[in-house]
Amino acid sequence: MSGKLGYIVKATLDALAVAARNFAKPERITVFYPYEKLEYGRMRGWIGLWTEKCTSCMLCARICPTNAIKMYMEPNGKRYPGIDYGRCIMCHFCIDVCPTDALYPTDIKELAWYDYKEMIYTPDMEREPPKIHSPYKAVKVAIKYVGGLPRKVRVQ
């Protein structure tokens with residue numbers, strides 16, 4: 001019983017020590033979006049489509065682990081991929097498997113939709129990258145670990 005009580009007292013004192021240290025010298029890593037934008041590094045983004053290169057082989061739809069890609073029939077009689085971003089996990093297997101590079105990666109990583117229906121992109125929508133509104137000139141920041149503690153550093 002005394003061992004368990006000692007553990008509880010030590011854990012409580014450790015938590016109070018962390019709180020006191022953060023009160024005296026805050027170590028916040030909060031990103032003040034949209035004035036600061038987090039640099040994602042190697043994170044993958046929105047997927048674009050060049051229908052001129054697409055051969056309708058459907059390899060992209062077959063390899064998709066979440067069945068996020070659906071082939072849409074176009075007026076020219078060919079099928080082109082459309083992506084449901086509600087299901088897409090941005091693995092980019094579809095880009096890797098595409099033999100003609102019709103699907104391509106972009107740097108567009110911050111996407112938001114109002115409802116689920118807007119997350120479904122048809123081939124027409126995949127041709128044109130979504131417009132990004134940036135009302136503020138944001139500073140790029142990254143989270144780096146220094147001595148085991150996270151630090152927000154400016155990138156550029």
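How much space lies in the second largest cavity? In this predicted model, the second largest cavity holds about 70 Å³ of space. Its lining is formed by Ile 47, Cys 64, Thr 66, Ala 68, Ile 69, Ile 83, Cys 88, Ile 89, Cys 91, His 92, Phe 93 and Cys 94. By class, this lining divides into 10 nonpolar and 2 polar residues, with no charged ones. In total, 2 cavities of 30 Å³ or more were counted. The largest cavity contains about 90 Å³ of space. Of the 15 residues that line the largest cavity, those closest to its centre are Cys 54, Cys 57, Cys 60, Cys 98 and Ala 102. The lining of the largest cavity comprises 12 nonpolar and 3 polar residues, and charged residues are absent from it.

Strand pairing was examined next. Strand 3 (residues 69-73) pairs with strand 4 in the antiparallel sense over 5 bridges, and Met 73 stands opposite Arg 79 of strand 4. The hairpin of strand 3 and strand 4 has 5 residues between the strands, and Gly 77 takes a positive phi near 90° there. Strand 4 is also joined by 2 bridges to strand 6 (residues 120-121), the two running antiparallel. Here Asp 84 has Ile 120 of strand 6 as its bridge partner.

Side chains of opposite charge can pair when their charged atoms come close. The count of salt bridges comes to 6. One of them joins Glu 110 to Lys 37, with an N to O distance of 3.6 Å. Glu 110 lies in the loop between strand 5 (103-105) and strand 6, and Lys 37 in strand 1 (residues 36-38), so the pair ties together parts that are 73 residues apart in sequence. At 26% relative accessibility Glu 110 is partly exposed, whereas Lys 37, at 19%, counts as buried.

A further salt bridge links Glu 39 with Lys 140, the closest N and O atoms being 3.8 Å apart. Because Glu 39 lies in the loop between strand 1 and strand 2 (47-49) and Lys 140 in strand 7 (residues 139-146), this contact ties together parts that are 101 residues apart in sequence. Glu 39 is partly exposed at 32% relative accessibility, as is Lys 140 at 40%.

Within helix 4 (residues 123-127), Arg 127 and Asp 124 are 3 residues apart, about one turn of the helix. Salt bridges that share partners join Glu 74, Asp 124 and Arg 127 into one network. The side chains of Arg 127 and Asp 124 meet at 2.3 Å, N to O.

How values were computed:
Residues are numbered from 1 along each chain as its sequence is written. This is a predicted model: local features need pLDDT of at least 70, side-chain atom pairs count only at pLDDT 80 or more; totals for chains, interfaces and linings use all residues. Side-chain values use heavy atoms; hydrogens and water are left out. On a 1 Å grid over the protein atoms alone, a cavity is a set of points where a 1.4 Å probe fits but cannot get out, and a pocket is an open set with protein on both sides within 12 Å along at least five of seven lines; lining residues have an atom within 4 Å of a point. Grid points are joined across faces, edges and corners, and a volume is the space filled by probe spheres set on the points. Ala, Val, Leu, Ile, Met, Phe, Trp, Tyr, Cys and Pro count as nonpolar, Asp, Glu, Lys and Arg as charged, and the others, Gly among them, as polar. Two strands pair if DSSP finds at least two bridges between them. Helices (H or I, at least four residues) and strands (E, at least two) are DSSP runs, numbered from the N terminus. A salt bridge is a side-chain nitrogen of Lys or Arg within 4 Å of a carboxyl oxygen of Asp or Glu. Buried means under 20% relative accessible area, exposed over 50%, partly exposed in between (1.4 Å probe, protein chains only).
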